[in-house]
Amino acid sequence: MPMVLGFEGSANKLGVGIVCDGKVLANPRLTYTPSPGHGFLPRDTAAHHMACVLGLTRRALDEAGVSPDHIDCVAFTKGPGMGAPLACVACVARTVAQLWDRPLVAVNHCVGHIEMGRMVTGANNPTVLYASGGNTQVSCPGTRRYRIFGETLDIAVGNCLDRFARVLQISNDPSPGYNIEQLAREGSVLVELPYTVKGMDVSFSGILSHIEEVAAQRSDGDSAPSDADLCFSLQETVFAMLVEVTERAMAHTHSQEVLIVGGVGCNLRLQAMMERMCEERGAQLYSTNESFCVDNGAMIAQTGALMYTANTITPLRASSTTQRFRTDEVEVNWRE
């Protein structure tokens, strides 16, 4: 397998990873963190990535103990993601590939998460729940493509959690979703929220609007739900929806494996709920920790290595980025 340098910068995480022969040699990452109550804007996020990407690249090379001469290929995230950060990091990847005279590979961000999860966990043919700040979908390996069985109809589950964190003025450090998870552990009162599953698809915008109203209308009385109760209720509701559609996809494909990927995938409560469902079905759950669930450069490097080995190279003229790039658009020619 080749040694590949991967650049990831589709949202507020900037990552540069180096992978060789299925082993992660380096995977440093930096996060742009706005103040509490605010999200990360494309312009500010891109400025952060541009200021940090060269130093992070040098750090990755030093951690791996390699020089540019050892790199066989340069991979980068083509999409989906935020336009300005994507374009910024892709420009660096193109420049590095030309300076070092190396081939370039454009990687789908969602497929990168899946392939990284499969590499780390050893999952063979899993039903995949991809849950992150920008994407939510359930997919299974198909004929030379990942087949999407269900997805969000509006906002992603991570975006739902992040936006509610802003309502409660919860810190963005290390991430709003993580801080909601910690606060939810202190909650015990389940507030009834809309449960919106439509066939195999899910919808979170109505849930978010409803819980925002509940939070705004609270009084100082003893019966008012606390912040912890609201976080607990939101997690229980949205995660139950995700477990339901994942189980239905498993039943349809006769799958006995579940792989959770994406930033929300490292939430321990989501993993516990999915684990219980898998135990009841006699199935196996595969999940990873924060190092590989959250956006990182190694997942782009690993997928780039698979594509490069399958002779998939991206010409410079076709190395543009896109905010919309579906998982099922990618021809998976590196697996049977």
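Helix axes here are lines fitted to C-alpha atoms over the stretch in contact, with angles running from 0 to 180 degrees between N-to-C directions. The model is a predicted one, so to speak for its local features takes pLDDT of at least 70, side-chain atom pairs count only at pLDDT 80 or more, and totals for chains, interfaces and linings use all residues. Residues are numbered from 1 along each chain as its sequence is written, and side-chain values rest on heavy atoms, with hydrogens and water left out.

Take helix α4 (residues 157–167) and α7 first: their axes come within 11 Å and cross at roughly 170°. Helices are DSSP runs of H or I with at least four residues, numbered from the N terminus. The pair is therefore roughly antiparallel (angles over 145 degrees). On the α4 side, the contact (heavy atoms within 4.5 Å) is made by V157, C160, L161 and F164, and α7 brings L230, C231, L234, V238, F239 and L242. By class, that makes ten nonpolar residues, no polar and no charged ones (nonpolar being Ala, Val, Leu, Ile, Met, Phe, Trp, Tyr, Cys and Pro; charged being Asp, Glu, Lys and Arg; polar being the others, Gly among them).

Also in α7 sits M241, which counts as buried because its relative accessibility is 0% (the cut-off is under 20% relative accessible area, with a 1.4 Å probe and protein chains only). Beyond four places in sequence, M241 touches Y195, T196, V197, V202, S203, F204 and I207. Its C-alpha atom lies 9.8 Å from that of F204, 37 residues away along the chain.

D229 belongs to α7 (residues 227–253) and, likewise not counting residues up to four places away, meets G187, S188 and V189. D229 is buried yet has no salt bridge, and R218, the nearest side chain of opposite charge, is 7.6 Å away (a salt bridge needs a side-chain nitrogen of Lys or Arg within 4 Å of a carboxyl oxygen of Asp or Glu; Lys and Arg count as positive, Asp and Glu as negative, with His and the chain ends not counted).

Note on methods:
Helix = DSSP H or I, 4+ residues; strand = E, 2+ residues; numbered from the N terminus. Buried < 20%, exposed > 50% of the residue type's maximum accessible area, 1.4 Å probe, protein only. Parallel < 35°, antiparallel > 145°, perpendicular 65-115°, else oblique.
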